[in-house]
Amino acid sequence: MVITAPETDRASGEFVQSLDRGLAVIRAFSNDHDMLSLADVAKITNLSRAAVRRALLTLETLGYVGSRQSRFYLRPRVLDLGYAFLSSSSSIDITQDALRRLSAQIGESVSACEYDDGDVVYVARAATETIMPIRLGIGRRLPAFCTSTGRVLLSQMSPGELDAYFAMYPREKVSPVTVTDEQALRDILAQVREQGWSLNDREVDLGARSIAAPIVGADGRYVSAVNISVSTSRVSVEQLMSDHLPQLLSATAKISADLAMIQRRDT
């Protein structure tokens, strides 16, 4: 289900419900659901068919949605919405350049993610030619609790923030070895917080493992997290930690320093 704004926010006199519904309709589309019927969108968004129909027809008129044989799909114009964010973020520019260098240095795919509403969102990526078991690209969302980048970003939450996170977001197994138990995850996050990096071994996909570290802003808060993803058939946990972790920590420290310098300059 696509999550719309909380009821407390909707009660505001400034809240535009039709805009909320239109954005929910856009978010209903994904890699797994690229062609949807009106009924499909209504089910995913939990909106009425009438509301979905109005939103889809409006988006189609504006050029964000296309239709074929009673099924709808996103048109390239929807990329304008994400590009506005990417092009306005100096941190992403700095990160993307660093990811390219790191990926070329180690010969593995490298990504940067930010936390958003229980998920991590891929905001920068440098991919190699090696075949990975899962498809990832800028804009892709994954649950924060089971990813290396997500655990890094969750580890900086205060006790109250973490309590709210566990109360609000469901935790379903993504792979047979995904850790979903709350106390076990709290223990993992405590370890991540202490050591400053996170290892994920096959919890998102049995054929992949990754290691992640934070990018830290001038205020000491984590801006995003960078991970190195490898195939389990090529790289062992021991190799990931001994060969790639030092390079990852060096890269994220450099990105953090560059970003902090820009942030201080702009204030």
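In this protein of 267 residues, 44% count as buried, meaning under 20% relative accessible area, with exposed being over 50% and partly exposed in between (1.4 Å probe, protein chains only). The model is predicted, so local features need pLDDT of at least 70 and side-chain atom pairs count only at pLDDT 80 or more, while totals for chains, interfaces and linings use all residues. Residues are numbered from 1 along each chain as its sequence is written, and side-chain values use heavy atoms, with hydrogens and water left out.

**Exercise 1. Work out how the strands S1, S2 and S3 are arranged.**

Step 1: Know your elements. There are 10 helices and nine strands in the protein; these are DSSP runs numbered from the N terminus (helices: H or I, at least four residues; strands: E, at least two).

Step 2: Find the order. The open sheet runs S1-S3-S2, with antiparallel pairing. Two strands pair if DSSP finds at least two bridges between them.

Step 3: Look at the edges. S1 (36-37) and S2 (65-68) each have a single partner strand, so one side of each has no neighbour in the sheet.

Step 4: Zoom in on one pair. S1 and S3 (residues 71-74) are joined by two bridges, and Ser 37 has Arg 71 in S3 as its bridge partner.

**Exercise 2. Which residues and elements build the largest nonpolar core?**

Step 1: A nonpolar core is a set of buried Ala, Val, Leu, Ile, Met, Phe, Trp, Tyr and Cys residues joined through side-chain atoms within 4.5 Å.

Step 2: Trace the elements. H6 (90-106), S4 (109-116), S5 (119-126), S8 (208-216), S9 (222-231) and H10 (237-266) each supply at least two residues. H10 gives the most, with seven.

Step 3: Look beyond it. Another core, of 21 residues, lies apart from this one, and Tyr 122 and Leu 142 are among its members.

**Exercise 3. Is Ser 198 buried or exposed, and what does Ser 198 touch?**

Step 1: Locate the residue. Ser 198 is in strand S7 (residues 198-201).

Step 2: Compare with the cut-off. Its relative accessibility is 1%, so Ser 198 counts as buried.

Step 3: List the contacts (heavy atoms within 4.5 Å). Leaving out residues up to four places away in sequence, Ser 198 touches Ser 148, Arg 151, Val 152, Val 192, Ser 210, Ile 211 and Ala 212.
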